[in-house]
Amino acid sequence: MPSKTEKLLSLLNGQPVIPVLKITDVASAVPLARALARGGLSAIEITLRTADALEAIRRVAAEVEEAIVGAGTILDSRQFDEAASAGSRFIVSPGITRELLAAAADSEVPLLPGAITPGEIMAAREAGLRFLKFFPAEQSGGIASLKAFASPLADVKFCPTGGITGKNAADYLSLPNVICVGGSWVAPDDMVKAGKWDEIEALARAASQLRK
């Protein structure tokens, strides 16, 4: 396996669910990351969908030693560099472009790009990537599509994201070409706003056991 793929897999370290987080209040980032880590989900993805995202990444990287914070919804090289500078240990993108591949090639921070078609998967494979995000999973054929890819693209593994819930996550995780899934159900907006960290920790603990 290419070293960047190995680095990414070592960061995730067998974690079955990667929390996908949209931080609307930067003050919640650190207690949220701590609650998820206590529940067994130390690797988290903070998406760049809000104004507070980069500051949230900075705070978690600086203050939550047990967390492995990554940045999601990275669309171009500028965002890649900003997220890496903020302390992101890995970068997640909804798709794959030459610009992003070039940014990743020049960085020590590994990229998990999205790919849903055979052509996109093959392009990522040509670039040396063997671990990809499958997004949006449910809207792109879900389990049936991933099963179809398993034979012709046998050396490529996936992290499906998009429409993954506590109800269907185990079905995805049962596939041989699925390493982990991404989902937001472990940190519901209402629980985050209410500061229900113990309840979020419990959701994380249940998710961390899905593959066992």
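Helices here are DSSP runs of H or I with at least four residues, strands are E runs of at least two, and both are numbered from the N terminus. I'm working from a predicted model, where local features need pLDDT of at least 70, side-chain atom pairs count only at pLDDT 80 or more, and totals for chains, interfaces and linings use all residues. Residues count from 1 along each chain as its sequence is written, and side-chain values use heavy atoms, with hydrogens and water left out.

**Entry: helix H1.** I looked up what follows H1 and found Asn13, with a positive phi near 50 degrees. Within H1 (residues 3-12), I noted Thr5, Leu8, Leu11 and Leu12 as buried (under 20% relative accessible area, 1.4 Å probe, protein chains only). Down the axis of H1, these buried residues fall within an arc of 125 degrees, so they line one face of the helix; the arc is taken from the directions from the helix axis to the C-beta atoms. Among the elements covering the buried residues of H1 are E1, E2 and strand E6 (131-134), where contact means heavy atoms within 4.5 Å.

**Entry: strand E6.** I checked which way the side chains go: Phe131 and Lys133 point one way from E6, Leu132 and Phe134 the other, and all are buried. E6 runs parallel to strand E7 (residues 157-160), joined by four bridges; strands pair if DSSP finds at least two bridges between them. Opposite Phe131 I found Lys157 in E7.

Technical notes
Buried < 20%, exposed > 50% of the residue type's maximum accessible area, 1.4 Å probe, protein only.
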